[in-house]
Structures are given as structure tokens and as C-alpha cells.
Amino acid sequence: MKKVALIQGNEACAQAAIYAGCRFFAGYPITPSSEIAEVLSRKLPEIGGTFIQMEDEIGAMAAVIGASLCGLKAMDATSGPGLSLKQELIGYACMAEIPCVLVNVMRGGPSTGMPTGPSQSDIMATRWGTHGDHATIAVAPASCQEIFSETVRAFNLAETYRLPVHILMDEIIAHMREKIVFPEEGELEVLNRAEPTVPPAAYKPFDASFGDVPPLAAMGSNYRYHVTGLNKAEDGFPTTKAALVDAEERRQLRKVDVAAVAKNEEYLLDDAEFVIVSFGVVSRSARFAINQLRNRGIRAGMLRPITLWPFPAQRVAEVAKNARAVIVPEMNLGQMIGEVERAVCGACPTRSILRVDGEPITPQQIIDEVEEVQHVL
Amino acid sequence: MAIPTIEINEKYCKGCGICVTFCPAKALALENFKAKAIKPEACVKCMQCELRCPDFAIRIS
Amino acid sequence: MSFDYEKYLRPGKLPHIWCPGCGHGIILKGLIRAIDKCRLAKNRTAIVSGIGCASRLPGYVDFNTVHTAHGRAAAFATGMKLADPELTVICVGGDGDGVAIGGNHFIHACRRNIDLTYIIMNNNIYGMTGGQFSPCTPTGAFASTTPYGNPDPVFDIARLAIGAGATFVARTTAYHALQIDKLITEGILHKGMAIIEVVDGCPTSYGRRNKFKSPSDMMTWLKDAAIPVEKTEGMSEKDLEGKIVTGILHRDETRPEYCEQYALLRERAQRKEG
């Protein structure tokens with residue numbers, strides 16, 4: 001019989017990390033993500049893994065990248081202020097192409113904001129939060145069960161693409177308790193990074209002849225190499241040669257297969273005239289609202305990005321073609337709406353429902369908005 | 001005793017002059033911003049120049 | 001006998017980027033001799049640095065080498081060491097990198113007494129960015145951002161390390177080439193956090209602004225200012241002003257090492273679980 005439990009979102013995330021093969025966690029206490037660290041401080045040593053509470057957020061990210069470089073699947077968890085501090089090293093992991101997973105349990109902001117209040121205001125900070133051009137993958141679960149499966153997927157994506165992968169949660173789903181059915185071993189796919197097979201002397205950590213994601217050797221194994229945050233040539237050593245820098249930078253963006261990474265839930269979308277694009281906790285209100293609207297004969301549906309970055313622009317554009325309006329409820333002052341508008345590109349009207357008072361967007365707010373739009377249009 | 005060979009790699013030498021200053025036998029000098037063994041026969045093989053050369057440019061044998 | 005450095009250098013990387021007379025090359029040679037003395041296997045040794053002139057060192061040597069972000073060497077190294085406790089992990093970097101922007105990681109790595117060897121190449125200045133003052137620039141000295149003399153007091157790196165809990169703390173200078181490898185060797189063999197501060201001259205960015213006419217002048221200063229710790233007994237703070245106290249300043253073999261402590265914690269956790 002499968003193991004079933006009533007657990008908190010943060011705990012589901014921690015348990016899933018272990019399922020995914022995570023054996024190293026470094027973190028720094030921050031509300032509302034601290035339970036992830038607390039659970040892993042107990043669980044990891046039990047299975048031979050390592051938990052360390054670092055001196056600060058930056059140190060936690062550094063230790064995670066260091067451990068990953070030595071071959072361990074590694075994770076860090078934080079909230080907005082921590083994300084701000086880690087930005088330089090997120091860029092380092094992008095540039096040096098070292099896999100790791102970073103959980104961000106979103107709270108209000110900017111600055112200290114509302115540490116115990118939910119928010120979805122780090123959408124753009126997640127996409128652009130480090131200097132320079134870089135690829136971003138972010139997954140955004142909406143239930144405890146999905147936190148489990150998406151955490152496993154986040155590790156798979158990190159290892160597949162040699163990238164830091166973000167798990168974007170919000171305070172509500174992170175602290176919510178729900179029943180979850182624990183997947184059995186082997187039930188969810190668990191992927192490991194590609195390791196080199198060439199003779200050690202021939203190994204180049206960024207050799208694009210092996211594809212856009214070259215194999216990564218564990219430091220301390222038979223392969224010996226150099227890693228830097230400088231623009232690098234295939235052998236890992238710094239270069240300022242224009243052609244090499246250009247090729248590296250472009251490969252680093254190109255390497256994420258947008259179609260393979262994409263994951264959306266489409267709820268009653270086939271005949272939807274009113275398309276709600278929402279994710280995380282807001283999608284739960286949206287689902288309830290859609291059911292109510294359908295009962296009243298209003299054809300509403302939802303496109304829910306589970307992979308939030310890369311943003312499913314193409315799919316949004318497709319569903320907008322047959323929609324009377326696209327409505328974007330989000331717990332910030334207008335972040336995802338920009339991406340949606342860019343994708344819809346005038347094919348139909350778009351509307352925002354924005355909320356930043358520390359309370360979730362209610363189903364009624366969404367129902368009211370759809371009904372209003374219906375009358376206006 | 002054979003005269004020591006003072007090998008100076010001109011490609012590496014940056015002409016800082018540290019070897020010249022600390023050679024107790026005055027066997028070295030700077031010429032055209034490069035170290036040069038001007039009196040190898042005076043060399044006492046103390047290795048001070050080799051040890052303190054920051055540029056891997058001197059070998060005594 | 002000449003030492004064969006080639007064996008540990010990556011081919012084709014010399015001449016290095018350091019300026020004429022910069023002591024970093026002397027320290028690099030000392031590090032190589034120490035690694036040779038300790039007979040460390042190349043595949044099982046990692047050299048980790050931050051950002052700055054000194055932090056370019058890893059690029060030249062044929063080990064696992066990680067050139068991280070500014071100030072973060074000790075934190076990266078902590079993750080690496082915990083992931084692979086049998087790996088020999090050596091940090092290198094400058095004074096600004098290590099104890100200004102990286103100060104928090106530095107003191108906490110010392111506090112944990114994790115088995116790292118950290119070589120701080122202290123040239124009293126930010127060299128790579130053009131000579132701005134660092135926490136180790138002497139008070140009153142000139143730097144590109146202290147045109148009227150440095151108003152700041154100085155960090156004593158060795159004392160900081162001792163206070164923070166490092167269990168092997170030593171100091172020497174770039175002039176004292178043989179002592180460099182001797183102290184680094186001891187640091188590598190020491191089980192726990194070892195800090196080796198090597199006071200170094202930056203002729204380009206520090207020397208020129210502070211009446212050192214040549215690299216040799218800087219070396220002479222290091223030679224004259226150094227005083228072995230054994231000879232400082234009975235000397236007052238005032239007597240020691242301007243002196244560089246060299247040798248092993250602190251050694252404690254009794255405090256537990258962090259990775260070993262964590263291994264014991266794991267055993268406790270597993271007993272509890274079983």
C-alpha cells in the first residue's frame with residue numbers, strides 16, 4: 001500500500017528533494033521557507049547526506065554550488081530577501097553551468113516586506129535576478145502533491161541542463177497541509193547529470209561537440225579541470241576571444257529545450273471564451289471560480305503554467321485566438337500580465353486582477369472580473 | 001667545482017630586479033629589462049634568486 | 001637543486017598575469033613545493049579562489065581548480081569539503097577578497113574548524129581594480145581611494161582568524177620564500193582550519209603610491225619588517241608597531257574538526273533512525 005500523509009508544502013518539498021537524490025542542503029533561516037531546512041537537517045544525515053546552516057544566504061548558495069561541483073545533487077531554500085542576496089551566485093551557477101535547485105517561498109516585498117504574508121511578486125526577480133543574459137527555469141506547483149512531483153522535476157531539469165532551477169512557491173501553499181500520496185521508488189523519473197566518458201586528458205567541461213549541455217565530471221573524480229565565472233572557452237579557461245564568447249553565451253541560452261521543459265495544466269480550456277492564466281495558490285481560486293462561472297453558463301477556463309519560466313508564450317498565444325478575453329489574476333502589481341500581453345499581442349483584450357495586501361485573491365474577485373468583462377465586451 | 005648554469009627564461013622574466021638585488025655574489029644584472037647572468041662563475045648556488053623569482057624565470061643547475 | 005615546478009603547472013599558461021615584482025608568483029611557487037612535500041594527488045586536490053589578482057592563481061596549476069565569485073572561496077570550499085571530506089581543499093585569495101567582502105565566510109569557516117587550508121596573499125591593497133585601499137592597507141597609507149591617506153584602522157588577519165576559532169594560524173612574507181612552503185605544508189597536514197597569511201608587496205598599486213621605488217624595495221621592507229614570533233617575547237604592542245610577526249602564531253590540535261563532527265552526527269542520526 002502506498003504511504004499517505006497529511007503534510008505541509010514545505011515538508012513535501014524537503015521529502016521530494018530526498019526522493020530526487022538530493023544529498024546536500026545548505027541554507028540560512030528565513031520565513032516562510034525555514035521548515036524545508038528543518039526537515040532536511042533531520043532527514044539528510046539519516047541517509048548519509050549533509051545539511052549545513054551557513055553564515056548567510058550568499059554562503060548557502062556558494063556551498064550548494066561547491067557541493068554540486070563535487071557531484072552531489074544540492075539544494076538551497078529561501079525567500080525574497082535571500083533571493084536578492086543570492087543573485088550573483090545564481091549567475092555564477094548559470095555561467096559555470098553547475099546544476100542546483102533553489103526554492104523560493106515567495107512573501108511580500110520589496111525589502112523585508114511581509115515575511116509571513118503570501119505573494120507572487122518574485123516572478124520577474126526569478127527570471128532576471130542576476131546580471132547578464134542567462135536562461136531561467138522555474139517551476140511553480142500549486143498543491144502539496146504537486147510540490148512533491150515538481151521538486152523532483154526541478155532536480156531533473158537542473159541535472160539535465162546544468163542550470164540552477166527555481167522552485168517558486170508562495171507562503172500559502174508552502175504552509176498549507178494537504179494529503180499527499182508518496183510516490184514509490186521508481187514511480188517518478190529521477191535523472192542524473194551526464195558524466196564524461198572520454199579519457200581524462202581529453203575532457204573539456206564545456207565541449208559543445210557533445211551537444212549544448214556537455215557532460216559534467218565531479219571534482220575529485222578522475223577528471224581534473226578548471227571552473228571560473230569568467231567567460232570561458234570549451235576547456236573551462238577564461239577567454240575574451242569574441243567568437244568564443246559569443247558562441248558560449250548563445251549556447252547557454254539555447255541549451256534549454258523550451259518545448260521539453262514546458263508544462264501547463266489546461267482546465268476546461270477547449271471551449272473557453274474567458275481564459276484565466278494563473279499559477280500557484282491563485283490557480284486554486286481560479287479553478288473554484290471557473291466551476292462557479294460554468295454553473296452559470298459562462299465558458300471560462302484556465303491555462304496554468306507549471307513551468308513558469310520559460311514562460312509558455314506560444315500556448316498563451318494559441319488559446320488567446322479563440323478567447324473573448326484573457327484574465328490574469330496575480331498577487332503582485334502586474335508582472336505575469338506583461339508576459340501574457342506580449343504573447344496575446346492584441347488578439348483579444350487582457351485584464352489584470354492584482355492583489356498585494358497579504359491576502360489571497362479570492363474566487364469571488366475572479367468571478368466578478370469575468371462577469372464585468374462579459375458585460376463590457 | 002663546475003661553474004653553475006644560470007638559465008634565464010626571457011619569455012617569463014618581467015625584469016623586476018628582485019634576483020639582482022638579493023644575489024649575494026652579484027652574479028646577476030638587469031639588461032634591457034631582463035635579468036642576465038653577468039658573472040656565473042661568482043654564483044654560490046644559494047638559490048635565493050630562483051626561490052624569489054616571481055616569474056618562474058630562473059633555474060640554477 | 002632546482003625544483004621542477006613544470007610538473008604541477010598547466011602547460012602554456014605562463015607567463016602569468018601578475019605585474020613585475022608582484023610577490024604572488026613567489027607564493028605560488030611556495031604552494032607548489034608544499035603540495036609536492038605533502039605528496040598530494042592532483043585529482044584529489046582542489047584549489048579554490050575568489051576574485052582578484054591572487055585569485056587568478058588556480059588557473060596556473062594542474063589540480064581541480066575553482067575560480068569563484070568575489071569573497072566566496074571559503075563558502076564554496078565548505079560545500080566541496082563537506083561533499084567530499086577526503087578531498088584536500090586549499091583556498092587562495094587576497095586580503096580584500098578574504099576579509100572584506102568575504103569576511104563573513106572567513107570567520108565562520110574558522111569557527112567551524114573545517115579542514116581547509118586558506119592562504120591569504122595580503123598585499124595591503126585591491127590590486128586588480130587599480131589600487132583602492134583594503135581593510136589591510138596601513139592607516140595613513142595612500143591608495144587610489146585614499147588620496148589624503150587612509151583613515152581606516154587595519155585588520156590583523158591572523159588575530160582575526162585566531163579569534164574566530166581557526167586552529168592553525170601562521171604568517172610569513174613573500175620575501176621568506178622557504179618559510180612559505182614550510183608553513184603551507186604544516187597547514188595542509190593540520191586537521192582543521194589552517195590560515196596562512198603571506199604578507200606580500202604590490203609594487204604597481206601600493207608601492208608606487210607609498211615611496212617604494214622598486215619591487216626590490218618592497219622585498220627589502222618585508223625582509224626588515226619581519227620578526228619571528230619567538231623573538232617577540234617581552235615586546236610591547238608599541239615595540240611591534242610596523243613589524244610583521246612571522247611563524248606559527250597559533251596551533252590547537254584539541255578542537256574537533258567539522259567534517260569529523262558531522263560524520264559523528266550522521267552516526268547518531270542513523271542509530272536513531274534504525
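Which chains have the most contacts between them, among the two pairs of chains that touch? Chains A and C do, where a contact means that the C-beta atoms of two residues, placed from the backbone, lie within 7 Å.

Before you click around: this is a predicted model, in which local features need pLDDT of at least 70 and side-chain atom pairs count only at pLDDT 80 or more, while totals for chains, interfaces and linings use all residues. Residues are numbered from 1 along each chain as its sequence is written, and chains are lettered from A and ligands numbered from 1 in the order in which they are written.

**Stop 1: chains A and C.** Select both chains. Here 35 residues of chain A meet 34 residues of chain C. Now colour helix 3 (57-69) of chain A; with nine residues, helix 3 gives the largest share of chain A's side. (Helices are DSSP runs of H or I, at least four residues, strands are E runs of at least two, and both are numbered from the N terminus.) Other elements of chain A with at least two residues there include helix 2 (34-46) and helix 4 (80-96). By type, chain A's side has 20 nonpolar, 10 polar and five charged residues. Ala, Val, Leu, Ile, Met, Phe, Trp, Tyr, Cys and Pro count as nonpolar, Asp, Glu, Lys and Arg as charged, and the others, Gly among them, as polar.

Stop 2: Pick strand 9 (226-228) of chain A and strand 2 (residues 64-67) of chain C. They run parallel, joined by three bridges; pairing takes at least two DSSP bridges. Zoom in on A:T228, whose bridge partner in that strand of chain C is C:H67.

**Stop 3: chain B.** Show chains A and B. No contact joins them, and their closest C-alpha atoms are 20 Å apart.

**Stop 4: two domains of chain A.** Select 4-181 (domain 1) and 264-376 (domain 2); the bounds come from an automatic or database domain assignment. Their C-alpha centres lie 27 Å apart. Domain 1 puts 24 residues into the contact and domain 2 puts in 20. On the domain 1 side, helix 5 (123-128) is one of the contributors, and gives the most, four residues.

**Stop 5: the core.** The largest nonpolar core has 218 residues, and A:V64, A:I65 and C:I195 are among those with the most contacts inside it. Such a core is a set of buried Ala, Val, Leu, Ile, Met, Phe, Trp, Tyr and Cys residues joined through C-beta atoms within 7 Å; buried means 20 or more other C-beta atoms within 10 Å of a residue's own, with C-beta atoms placed from the backbone. Both domains of chain A give residues to this core, so it lies between them.

Technical notes
Buried ≥ 20, exposed ≤ 12 C-beta atoms within 10 Å, placed from the backbone.
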